[in-house]
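This briefing goes through one protein chain, from its overall make-up to single residues. Please look over the sequence and the structure before reading on.

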Amino acid sequence: MQFINTPFIRHMVELWNSIWFRKNTTEQVGIFRIAFGILVLVILLISFPNWERFYGSEGILPPNEVPTSFMGLSWSIFTLHNSGLFLWSLYAIALVITISFILGFHARISTILLFLFYASMLHRN
């Protein structure tokens with residue numbers, strides 16, 4: 001038990017407590033949220049001209065060839081319907097979700113929705 005009371009261990013415990021339990025501002029998290037939201041927004045804006053080609057039913061990967069997971073379900077909301085109106089509605093919803101994420105409007109809800117939408121985009125292709 002002599003090892004526990006050494007100055008090195010006390011210093012390590014103080015360092016551990018200062019890293020995990022001190023009061024921090026949330027500015028860094030906000031800057032990261034804004035930067036990530038801008039990145040997703042740029043990805044959406046760049047994919048605008050090819051939106052139907054990437055995610056539509058007549059696109060590069062037809063919806064029936066999208067990989068499925070457990071019990072034949074897909075991880076993508078793009079496979080729910082094949083119409084162009086549905087596809088462009090998803091695009092508009094994605095823009096709204098991304099802008100609300102950047103602005104921090106209902107940040108927790110917009111974070112979850114952005115994650116679900118972005119994961120759907122990745123699993124569609």
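A residue counts as buried under 20% relative accessible area, as exposed over 50%, and as partly exposed in between. Gly-84 has a relative accessible area of 36%, so this residue is partly exposed. The model is predicted. The protein chain holds five helices and zero strands.

**Overall make-up**

- Read from the N terminus, the order of elements in the protein chain is α-α-α-α-α.
- The protein chain has 125 residues, and 23% of them are buried.
- Among contacts in the protein chain with a separation of 6 or more, 70% are between residues 24 or more positions apart.
- The protein chain exposes about 9500 Å², and 72% of this area is supplied by carbon and sulfur atoms.

**Helix H5**

- Helix H5 covers residues 107-124, which is 18 residues.
- From its first C-alpha to its last, helix H5 reaches 25 Å, close to the 26 Å expected at 1.5 Å a residue.
- The buried residues in H5 are Ser-110, Leu-114, Phe-117, Ala-119, Ser-120, Met-121 and Arg-124.

**Aromatic pairs**

- Two rings of Phe, Tyr or Trp pair if their centres lie within 6.5 Å, and planes over 60 degrees apart make the pair edge-to-face.
- The count of aromatic pairs comes to seven.
- In one of them, the ring centres of Trp-51 and Tyr-91 are 4.7 Å apart and the planes are at 70°, so this pair is edge-to-face.
- The pair links distant parts of the chain, since Trp-51 is in helix H3 and Tyr-91 is in helix H4, 40 residues apart.
- Both Trp-51 and Tyr-91 are buried.
- Trp-88 and Tyr-91 form another aromatic pair that is edge-to-face, with 5.7 Å centre to centre and 70° between the planes.
- Trp-88 and Tyr-91 both belong to helix H4, where they are three residues apart, about one turn of the helix.
- The relative accessible area of Trp-88 is 29%, so Trp-88 is partly exposed.
- Tyr-91 has a relative accessible area of 5%, and is therefore buried.
- A cluster of Phe-48, Trp-51, Trp-88 and Tyr-91 is linked by ring pairs.

**Largest pocket**

- The space in the largest pocket is about 230 Å³.
- Its lining is made up of Trp-75, Ile-77, Leu-90, Ile-93, Ile-97, Leu-113, Phe-115, Leu-116, Phe-117, Ala-119, Ser-120 and His-123.
- H4 and H5 each supply at least two residues of this lining.
- H5 gives the most to the lining of the largest pocket, namely seven residues.
- Phe-117, Ala-119 and Ser-120 are among the lining residues, and these three are also among the buried residues of H5.

**Single residues of note**

- Most residues other than glycine have a negative phi.
- His-106 is not a glycine, yet His-106 has a positive phi of about 45°.
- His-106 is placed in the loop between H4 and H5.
- Gly-84, the partly exposed glycine described above, is found in helix H4.
- Gly-84 and Tyr-55 are 29 residues apart in sequence, while their C-alpha atoms are 9.8 Å apart in space.

Notes. Residues numbered from 1 in each chain as written. Predicted model: local features only at pLDDT ≥ 70, side-chain atom pairs only at ≥ 80, totals over all residues. Heavy atoms only, no water. Helix = DSSP H or I, 4+ residues; strand = E, 2+ residues; numbered from the N terminus. Buried < 20%, exposed > 50% of the residue type's maximum accessible area, 1.4 Å probe, protein only. Contact = heavy atoms within 4.5 Å. Areas by Shrake-Rupley, 256 points an atom, 1.4 Å probe, with all protein chains shown as cover. Expected span 1.5 Å × (residues − 1). Phe/Tyr/Trp six-rings, centres within 6.5 Å; stacked < 30°, edge-to-face > 60°. 1 Å grid on protein atoms, 1.4 Å probe; cavity = no way out; pocket = protein on both sides within 12 Å on 5 of 7 lines; lining within 4 Å. Points joined across faces, edges and corners; volume = space filled by probe spheres on them.
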